[in-house]
Each structure stands twice: as structure tokens, then as C-alpha cells.
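Please keep the sequence and the model in view while reading.

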Amino acid sequence: MTARLLLVFTDTASLVDAARTLRTEGVDGMDAHTPWRVADLEPVLEPPAHGVRRTMLIAGLAAAAGVFLLQTWSAVWFYPLNVGGRPLFSWPAFGFATFETGILGAAAGGFVAMIRACGLPRLHDPFFDTAETEGASDDRFFLSLPREGAPDRLRLSRLDGLARIVEVGR
Amino acid sequence: MTATDAILPDRAPGRLTADVADPILARRAGRIWWACLALFLALTVLMVVSLTVLAVSGVGIWGINTSAVWGFAIVNYVWWIGIGNAGTLISAMLLLTRQRWRTSINRFAEAMTLFAACIAGLFPIFHLGRPWLFYWLVPYPNTMGLVPQWRSPLVWDLFAIASYILFSLMFWYTGAIPDFATLRDRARGRLTRAACGILALGWRGSARHWQVWQGYYGAMAAMGVPLVISVHSVVGMDYSAGLAPGWNETIFPPYFVVGAMFSGFAMVVVLAAIFRRALGVPHMITDRHFDIIGKVLLAGSLVMTVSYATEWFYAWYSGEPAEQRIVAVQLWGDYWPLYWGMLAGNCILPQLYWVPWCRRTLWVTVPVAIAINIGMWLERVVITVVPPTRGYLPSQWGSYWPTFWDWALFAGTLGFFGLLFTLFLRVIPAVSMHELKEQVDEEVRA
Amino acid sequence: MPPLTAPPDLGGGADLDRRAALKLFAAGAAALASGCRRSEDMLPYRDMPEYGASGDAVLFATALPLAGAARGVLVESRQGRPTKVHGNPDHPASLGSTDVFAEAALLSLYDPTRSASPAAGNTPVSWSAVADVLRQATADGGEGTALLTGPVGSPTLARQIRALLDAASGLRWFSHRPAAPALEVPTRAAGHDRVQLWPDWEQLDTVVTLGADPLGPGPAQVAMTKGWTRARADRRGTFTMHAFEPVPTLTGTKADLRSPVSPAELPRVARALLAALDGGEAPADVARAARALARARGRAAVLPSADLPPGALAAVAELNRRLAAPLARLLPFWHWPDVPQEDAGALLSALDEGRVQRLVVLGANPVYDLGAPFTDRLDGVRLVHLGHRQDETALRAEMHAPLHHPLEDWSDLRAVDGTAAPVQPLIEPLHESRSAHEVVEMLRGRAGRAARDLVEDTWRARWGERFAARWQEALRTGVIADFPPPATVPDEPPAPDDAPAADGDGFAHVALLSHAVLDGSHASNAWLQECPAPLTKQVWGNAASLSPADADRLGVAEGDAVVLRGRGAAVRLPVTILPGQAAGTVGTTLGYGRSAAGPIGSGVGADVRPLGPRVEIEPAGEEGGLVRTQVEFGQHGRDILRSVSAEDPGLETAHHASESFYAPWDYDSPSWGMVIDTDACSGCNACMIACQAENNIPVVGPDEVARGRHMHWIRIDAYDVPEDDVRGFQPVPCMHCEKAPCEPVCPVAASVHDEQGLNAQVYNRCVGTRFCQANCPYKVRRFNFFDYADSQAYAHLGADLLQAARNPDVSVRGRGVMEKCTYCVQRIEAAHHRASREDRPIREGEVVTACQAACPAEAITFGDVADPESAVSRARDDPRHYALLEHLGTRPRTTYLARVVPPARSEDG
């Protein structure tokens, strides 16, 4: 992993402003580490699309279709039985398993997609090499820039609300 | 807004983290915790013994008979799964409607869903005459060339409960990943650090992470509401897809869904009161929470009352003597103690929630919530036992009396539920820290 | 039905073809299976037919005794052991049907608690020791020795006893008959004690019963029910029956008109009938009955109860004479004119006078049947008991030895109407028992002649040279043809009027024979103990029935306990309430309260015999211990047991099935259906026990029934018919619905429909969710809550020996599995196999379900509904036809014919 500079802030407003400022100054490849989701950051940092929802839709429809076809095939062709004189193709009854499986498929597909899109599991990331980043899950807000081509320390230190700068990676 | 009206704590994020994480990481278990553990462990042992005796001797140890073929096992199954529904509604429905007060309670409410759904899932397996063959309800390639019989509500149940449990697990876990990261970063002991680290999967709170996370979490919330509605509708269809008088009612699916929400929220009241005290977090689980939940319960109670009244109306309107007999026997016949107990718990006592003071005062709202849970349990007893014992053919009328093992298993599952939560308190952050802090932050910035 | 075969004549056998070898194998396998005691000719089975012979059933004709009288039966033998009792169409006391006792005789054969060997107290002894004691009893003329038997209906045994009495002149023969057949009444005709009245139902249009119960339990039940049902069906609208009785019986329940009359009132009714016939005044119901009798002179009869006083009996005899009733007056079947036979009263006197020092009890149980009057007089009397088990008398005896069960025995037996039949064994004796014939020979000091030979001696003496052919014919058909009909008894002499009965305080006590255990002799049979009493549906016990008004007055409800006191005895019983019971009467059932009837029958119910004809009743709390299979008898306006009037037999179908969303399903022929005529069903329960025997249905025991669990696949529901103040009967097997509600709800497809229209329950697929039963509106399914058939069987019913009773064509179900009526699918499949082997379709009437075969009232019709000419299709076209709970749209294949309300009811009384 390349070296990155982490700018530590103590509140979200400063973090968002700093990100916006650096962005307008043309800094690319920025990321942020926050204990909670800061919605305002997303239009600023413009992370690439992740397609999790699309995956969920596809997985859900595929699972639903699969289960519906399984039911239809087994009830009409593979092992048809006279069950209460009901029609073999009992599509209203088939709908229940279809719906539930569809939702499960979407959930499971999305879960996998989410984990993979986040690049997880990644238990040993240089981000964890220092104890200084522990606040990222508590009450500190980190703006992450690639060290290569980052503005100099002086410029950075003039950002509002900046508490500290940490280096990670090599 | 006065301090007591505040729904979100007025504290720095760091303090909030400490409030939730310290009971797990820093503080040792108190005497009360150990006492609870001992009690619930004993009841769990009773549950295991009951299940063992059941597997060895057969379902004849229960009070079921040729007419009343379903007894406590199905009552408890429906009651537990109903309780479970509220957790998903709090996580999902309240998220979609942007109710900020959900964040203090959604973590343990979701845990309640998981625990209740798993306990509920025990019953359809163990109440079988041949429980070791329960997997025949699952479609899998086999040498018999057989598949489940898709038109049966019990097969729908399997799909519904299975997907519900798995969905809830994924949903709950996803929401908890950032909190596991918090615990990982705060933990002192190597074992804790390693365990939380694995559970956190290496979460770094990156903006990318959060975007993906939100994409998934929001979509899950959107699916969660129809899932809850479908799951408990399917549970209702266990009864209403049949033709027994008193069961064959199209009102059952929505009526069960509302009832589930109703009993689930009542259980959340009880759990919230306990956790507030156990964690010492009255600023997170505030009086306002109880106030709002009380209103939800009041609304639920009114809907349930209307549902019961609809049943009475339709029995009369249908002109079907068997349906009318069911209602009569419930209101003033042999089953009146159960039915009036149900009405007291579900319809009468919750009217206290009209009074704001009642909603906010714990020693009033918690007993009423318990009464609601008892009332809902009695409702399931009435539904499960009355129509089979007062069916179309009077020669087949009979009665149902629970046996020791019926009660023992029920008490055992209550103890198991308590055990799971007792352990939960020491292992899982009981409040969703990141969501709470996010809400506090938004309020501060607004 | 499979073809009849008799055991072959083992003396011959020159040309042996495969079929003969097959028959020999079947006979020899019996010897092989049980370990031979006498060697019979056996042939090794080298040439096995393709389809395997040993599984096929072979039927043997024999006769089973009930209270000493025969009912001819055909017993199905599988691999050398009997597995099912069927009726014998050729025997007049069966005509193809059975009663509960005949069906249950199978279970008592294999009862593990039968005594297995002779014993003196607790010490086993040998049969030679027993023979010694018996021989000494009749040494020096048998002075001081008495022989006590039950009713003897066997010509051979009678012949032997006569020879014994001739040889031992001091010996006296007593017989005790605790259960008399219906219509056997006292007579004052010279030289006679009792007369067996025998109606000719084909000639009857009007019957009036005065306390008589011809349709009730006893050896005449099947013949009487057959006659009644055929009269009713053949002459519908003309045939009527009027009943006057205190406590509702089956006869009264099926009567067109019934009047509750206390026992004291019955003689008055008899005299009033006589007066009304002459045109005198009478109460409305009596007048109506008299009018019916008068209209049918020559085709009417009055049937009296045996408990009527002599004057009333004489009045009834006079009535029958005037009506020229087609009513034969036969000698009772147990009466042998040339053999001196005394009754139990004479025995008690003899004991009193000290004339009896040694008493040999052969096939009777006087310690229970006679009670304290007998046991009080036993001091100094040496008692030897021969019977099936260590019963109450055996426990008092110094020596007990086991007798053969009728299914193991060679004998001959008379039916109530005097028809003789051979009794041949189905299996080698299971234990160290002997035949009663051999025992009587031991009394004569002779031994060595086998029972078969003794029986053949009787008939050889009668038939001479024609013996061989006629004996083979008798064994093949199960009837000894041309046995002279019993002599008739002369007419009743006139009698003075009886003194009016003292009404007295308290209640009139009417003790009836039990439909389950008769007089107690069947108490150890679990199938019978669990067979519900027809009107109260009580099992495993007896009760005191009261009229609703009396129950109100006493302040007791059904299930409460009461204590009956009479003649110094006090008996605690639960209360049942019967509509239509006469006020001031209490009805109880005999045959309970036994103390030594094995683990099944001991301690069940209470003995009411000591109570006497009048009792006081006092409430005794709420825990009566009433165990019933049905607790609710009202119809609640749901039109379940429907009625039509004879004038307008069409049923108004107010509850017709609605149109269905679903496309109709095509069914091939044969497509099975069943029609049950509730007008004919007399509630006798034969179908229930036949089904239990055919389908290996377990007994669950009283605790399980009390919890509400039953296993009978066909049940007979009793419903109150308020307009008639009676309970009607409705047999309910599985409905085999075309749109079965039990099928779509089974998650594993264990309940499915086959191409023949049967709802099939697949035992090995069932996981036991019980949703099928929850969704069945008729509640016909039965769940194995425990392993009732084996490891969790009630009492000793899991014993290995009882497995021999099982029908090998029907699976035995394990724990956790649902079961139900299958329309005897094993019989349907057997018919398919036979038909396909012979390359033909199944014939009409070829498949007969167990319940249909057993029913004496011919209430069940079964067959192919796709064939418009079949009996069941014609029954479905009957205007009385309806389906149960039609409006639910289940389209049941089992449907009903409504009861016919008598035309007489609409007449002004």
C-alpha cells in the first residue's frame, strides 16, 4: 500500500470543509475515515460506483426465478401428484417461496457484493499499524491523501480544525 | 424541549462510545448479572431436558390430542416469531421513515429478532412427530426424487423463517460491523481484540466503505419491511389457509402482522427498560423513547381491537353456525377466561397509554407492556386451541390441557432468551454507537 | 372374497397337484409353526408356484361361541395362523356378518395373559395330575361332586355329559348362564323352563318390543339385525317397529316410535296392548302400537323382555297368538331334553344343603358371575377350575387348568336357532391347554381320545356311512346341514295378573349386558374395552345413566360421580345422561368390576350385579372418572345426521357444494366410493372392531382416551335427534374427498390422491406436522402420539405373541406418523392383482371393505362410482342421499343416506 497522509480532525464540519478545499485545489485519490457515515462527504469525494444495489436486484430476481421454476418443474413435470384436486401449476401458492427466496437472494448477494466492494476482509492494513488511527472508530475524523503529490505540510496545517497529521504506509 | 423530552443524548461522541463500550470492555460483571446468568442457565437446562424427553418419548408428553392437534408448540412458535418482527420493523421501517429515536434501541431490538426467530424456529422442528426428518421440508436432490409439497403453508413457513433469520443476521451484522471496529480499537485484551477484529473484517470507516455500506443497508431496510409483512403473513396463513371455522379468515395475515409489531414493541419496552438500567444509559434510552413506543403500542392496540371486532362482526354476518359458535365460546363459553385475559392485555390495559404520564413512567409502562405480551400469548392460545376443539362436527369437540412438559418447554425458552441477552450484554454493543453518534452529530450541526 | 378351502382330508392324497400341495402346506404349516404335538402328514414344498403361495390367505369355516351359542365365521389364515375373522354367508347366525365379539376373538387367542399350563395355586402341575383329580372326583359314582359349566351348546359335549352322568350317577350337572340371548324368556309351559322366541323377519311388517333388545349384544345380534334391516329395506314404509323400554337400547334407538316406560309400567303396557287390540281404551302410544299390530295381523309380533313377570309374559303370548305372529317358540340352544341339567339356583341350594363337596367348574366363572351368594357357600368345597385364564374362580380353586381357545379347538356348536356348525382349529394350541371334550373324558376316567375324534364320533353315530362326505361338506361350508331344528315349546298357558309392582323409593335399576364385555367374560380383551358403548361412547368402564330430568333433580352433570345403594351393596359410578330414558330409572351395565381379568380387565368399572332391582342414588362429587370418545352429542343445527319422512323421501339440499374454481380432475374406473345408510346403522360397533383387526390398529388405553386421543379409523358418531328424543348413529370413516383439505397442507406430500379416488396416507413420508388433521373438517385422521403399536404400547399389548394377530398386508405404523381409513386399500390392491392375473376388470362386489363385510345391518355400500350400474352408484342416486358438510366443497366420496322418519309419527296419536 502506498504511503498516505492522514489529516486528523475533531469534528465532521472541519473534515468536510477541508475535503472540499483540497478537492478544489485539485487533490485526487482522497479518502476519509470516520466513526460514522458522513453523508456530506460523498459528493465531495465522489467515490466510484459500487453496483451493490444492482447486484442485489440481479441476485434477487435470479433466486426468485430459480425457486419459481423449481416449483413449477417439480410440480408439473418431474413428480406431479394429485394434491387435493388442485391444479398442478399452482402459481399462487408458488409465489410465497419465490418471494422469500428472492429477498434472501438479494440480501445474500448484496452482502457478498458489499464485503467485496469494500475490499474486506482485510485484517492487516497499514492503517492499523499505528495506534493513532484508533480514534477513527471513536470520535476522530481522518482525511486521507496520497503522500505522493500531497500539498506540503505548511499548506495542510492551515486547514481549519486540523488536529494532527499522521503518516501510514510506506 | 426540556431535558426529559430530548430523544438524543447531548454528549460528546467519545463519551457515547465509552457509555456503550465500557460495560463490555472495561467493567466487570456485577452480582446481578451473575444471578441472571444462573437463573437463565437453569431454565435453559430445563429447555434442553424438555427437548430431550420430547425426542425420546414423543409428542404424546404434551397435552395435544386427536382434535387439538396443535398446542403450546405452535402457540409459542407464533408468539416468538411475532416478538421477533419488531426488531426488523425498528431497524428497517423506522430507518426508511427517518425516525431518529430508533438508533438507541435498534441494536438490541435486532438482536431480539434474531434470538426470538431462532427460538421460534425450534418449535416447528420439535413439534413434529418425527423431528429427525424435518429436513424433508427443504428442497434438496435426493434418491427418492421427492420435493416438498409447495402448496403447504408449512413449506412457505420454512422459506419465510429461514430467509427471515438469514436476512436478519446479515442486516444486523452489517449494522454492527462499525461497532465491532470500535471495540477492536478500544479492546485491551488480546483475545477480545482478535475476536472483534475478525468480526469487524478490517473495517476502517473509509468513505468508500460507508458508501457501499449505506447502499446495502438502505436497500436491506427497504426489503425488510415487505419481508416482515410477508413472514408474518405466512405465519398467519398457517391458520387461514385451512378451512377450520375461526381460522379461515382473510383478515389473519394483516392481523398477525399488526399483532407481531404490537407484541414485539411491547417486548422492546421491557428490554429497553432493563438495558437502560443495566448499562446506565438513561440519556440514550430516554423517557421520550418510552413515550413514542407507548404511542405505537396504543395504535397497535386500537388496530387489534378493531380486528377482534371485525371477527365478531364477520362471524355474525356470515351466518355460519360454526363460526358463530367459535366467537360465542370465546366470549362467554368455556374459553372465556383466556379470551377476556387476552382482551384485558391487548385492548383494555393499553388504553392507559392515552395518558402521557403513563407512557413515560417506567413502573406503569413496563407492566402494561408485559400485560400486552401475555395478552398476545393468550391470543395465540385462543387461536390455536379453540377452532380445532370446536370444529364443524360437534362429535369431535374436545378440550386441550397443557401438561408439565408444555409449560416446561415454554419456560425454558423464556430462560434461553434471557440467557442469550445476558450474554449479549457482555459481548455485543447493545446500542448502535455509530448510528447514534451520526444522529447526534446531525442534530448538533443542524 | 378368496375362495373357501377346508383343511384337506389327510387320509387320502394319492394324486398331488400343485393346488393340493398348497393346501397341505397351509395345513401343515400350522403344525410346523407351533411345534408339533401330534404329527400330521406334511409334504415338503418343492414346487413353489410363481406368485408365492404362502402369503395368500386361506379361509377356514368354523364357529365362535358367544354366551355359549354359535356364530358361524370364516377365519382367514396366513402362514398357518389366523389373522382375521369374517362372517360366514352360509350360516344363519352370521349371513356374512360378524359382531364385535367375533372380531375380537382373534385378539383373545393371542392374549399373552392366558394361562399357559395347569397349576395348583402357584405351582405348575402336569395334566396327568389334573386328570387324576378329575377322575377321583367321579370315582364311586360321583357322589358329592358337581359339574358347573356355562351354557352348553355343543352336541358332542352334551352327549359326553350324558354319558358321564350315566356312568357317575351321583354326579350333578349345573349350568349357569349369565348372559341369555335376546328373546330367550321364561315360560310356564309344562316341562319347560325357558323358550327361545325366534321371529321370522321376512314375514313381519310390525314389531312391538316390550323391553326386549334383539338388536343388542348377544349371540342373536347378527341374525336379528340382518332380519330387521332386510325387512326395513325391502318393505320401506310398511315395516315399523315400536319400542317400549326404560333405558335406551339399540332396538329402542332404531325403532320408529319409542316410549320410555319404567320396568314397573311394562306389564301394564302389555295388558293395555291386549285390551287395545280388543278395541279398549289405552294411552296414545299404546293405542298407536295396537293399531299397527291390528293392521298387520299375521305379520305382526310382540317381543317381550326376559325380565317381565309371568302375567305380562302370558299376556304377550296371548297377543302373539291372536296376531298369528310369525314367531317360533324354540327350545333354547343349551337345552338337551335327555340330559338332566340344573341351574345356578339349584347349585346354591345344593351347596347350602352340604350336598356338594367337590365342584368342577368347566368354562365358567361363578365367583364373579354369582358373587357373594356363591363364595359365601364355598367353605369346605374343593374347587377345580378349567378356563382360559386365572380368573376370579381360578384364584379360589385348588387347581386350575387351561382350556383351548375356540380358534384352537375341535368341537361343534349350536346357534340360537338350533343350527349346528363344526368348530375347527385354525392353529395348533399355543399353550398347554386341553379341549373341554377331553376334560369331560378325564372326568369319566378315560383319556387319550383327541377332541377331534370325540366330535367325529358324535356325527359318525348320526350319519353312519355317509359320515365322510357329510363331514367334509360340513367343514367346507361351516354348517351341519339337516341337523333337526329344535323342538318347539307349547304355547303359554294363561296366567293370573301379576301383583302390581311396588313402586318404592329410589330408582328402578336396569342392568343391561355390555356391548363391550357382555357379562364380563370379555373383560380381558383390549379391543373390546376400548370399544365405545354405542349411546354414551364410554370406554374402559361402566356408568349410571339417568334421564335429563332426574339428573337435574339430583343436581348431577355428566361425568360426576354417584353412589348407588341397593341390597346392602354400594357402587360408585360416573353419571351419563341419556335422552329418552324413563324417569325414575337408572341404567347400568353388567360385566365390570372384575378383579382377575388380567392387566387389561382388572379394576375396570364397577360390579353392579349385587345391587338388586331398586337403588338409592346419592351424588358423590365431580370426579366420576368417565372416559369417553365423544363428549358432545348435539347437532347444533348443523344438519349432520339428517332425516327424511317416509312420505317425502327427497332431501332438501340446502347445503349444496358451490362451484369450484378448479378444473375437475379425471378419474378412471374403478373409482371407489362408499355410501353409508344411517337409517340402517344400529350402532353395534362391529365395523369398528373389524377395521381394528384388519388394519392393525393399536389400543391406546384409558389414560390416552381420557386425554382425547383415539385410534379407531372408523368411528360411530351418536347425535341427538331432538324431535325423536333418541340418539342416531352415523359411522364416519375417511371421506376420501376429491378436493381433500388434508392434502394441500401436508408439507411433504404424505397425503396425496391416487388415480382410484383414494386419499392415500404415505406412512414412511409422514413427518408428523398434523396439519392434515387440523384441516380435516371431519377429523378422521389418527395420530400416533406414542409408539402405541410397540415400544409404548398400553399394558402388555406390545408383547411379541400379539404380533401374530397382525394382518401382514397392512403396515404397522410407528411413533409420530399419521394414519387413517384407507378404504381397505390392501383389499383393493389384492383385487387388482387377482384381476390382472386373470386378465379381467374388477367385478362389482369383488372388493369388500372390512367395515362393509362386518356390518350386520348392511349399512355400508362400497364400489365403483364411475360405473353407473354399481350398487354404490345406485345408492348415490337415492333421494335420501347427502354428503356430510357439503357446503365446504370437499366433495367427499363417502356419503350418507338420511334416516327415515316413520310415517307413523305424522299420524295423530
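## A helix in chain C and what covers it

Just after α20(C), C:N696 takes a positive phi of about 55 degrees. Helices and strands here are DSSP runs, numbered from the N terminus: helices are H or I with at least four residues, and strands are E with at least two. The model is predicted, so local features need pLDDT of at least 70 and side-chain atom pairs count only at pLDDT 80 or more, while totals for chains, interfaces and linings use all residues. Residues are numbered from 1 along each chain as its sequence is written, chains are lettered from A and ligands numbered from 1 in the order in which they are written, and side-chain values use heavy atoms, with hydrogens and water left out.

Helix α20 of chain C runs over residues 686-694 and is mostly covered, with 9 of its 9 residues buried. Buried means under 20% relative accessible area, exposed means over 50%, and partly exposed lies in between (1.4 Å probe, protein chains only). Among the buried residues of α20(C) are C:C687, C:M688, C:Q692 and C:E694. The cover over these buried residues includes the strands β3 (81-87) and β28 (715-721) of chain C, and also the helices α2 (100-109), α17 (526-529), α23 (825-837) and α24 (850-854) of chain C.

C:S751 is part of strand β30 of chain C, which covers residues 751-753. Is C:S751 buried or exposed? It counts as buried because its relative accessible area is 1%. Beyond its neighbours within four places in sequence, C:S751 is in contact (heavy atoms within 4.5 Å) with C:C742, C:E743, C:C746, C:N759, C:A760, C:Q761 and C:R781. With C:N759 there is a side-chain polar contact of 3.3 Å, and with C:R781 there is another side-chain polar contact, of 3.1 Å. A polar contact is a pair of N or O atoms within 3.5 Å; within protein, one must be able to donate a hydrogen and the other to accept it, and residues adjacent in sequence count only if both atoms are side-chain atoms. C:R874 is 123 residues from C:S751 along the chain, and their C-alpha atoms are separated by 29 Å.

C:D417 sits in the loop between β18 (411-414) and β19 (420-423) of chain C. C:D417 counts as buried because its relative accessibility is 18%. Leaving out residues up to four places away in sequence, C:D417 touches C:P92, C:W198, C:L330 and C:P486. The side chains of C:D417 and C:T419 make a polar contact of 2.8 Å.

## Where chain A meets chain B

How many residues of chain A are in contact with chain B? The contact involves 61 residues of chain A and 60 residues of chain B. The size of an interface is often given as the accessible area lost when the parts come together. Between chain A and chain B the buried area (accessible area, 1.4 Å probe, that two parts lose on being put together, summed over both) is about 5,300 Å², and carbon and sulfur atoms give 67% of that. On the chain A side, A:W36, A:R37 and A:E100 lose the most area to chain B, together 13% of what that side buries.

The rule finds 4 salt bridges across this interface. A salt bridge is a side-chain nitrogen of Lys or Arg within 4 Å of a carboxyl oxygen of Asp or Glu. One of the pairs that form a salt bridge is B:R193 with A:E134, whose closest N and O atoms are 3.6 Å apart. Between chain A and chain B, 25 residue pairs are in polar contact, both residues being at pLDDT 80 or more. The elements of chain A that give two or more residues to this side include α3 (52-78) and α4 (91-117), and α4(A) gives the most, with 17 residues.

## Annotated spans in chain A

An unreviewed UniProt entry annotates residues 57-79 and 91-115 of chain A as "transmembrane region". UniProt positions are given in the numbering used here, feature names are shortened, and annotations may be inferred rather than shown by experiment. In the model, residues 57-79 of chain A are 96% helix and 0% strand, with end C-alpha atoms 31 Å apart. Residues 91-115 of chain A are 100% helix and 0% strand, and their end C-alpha atoms lie 35 Å apart.
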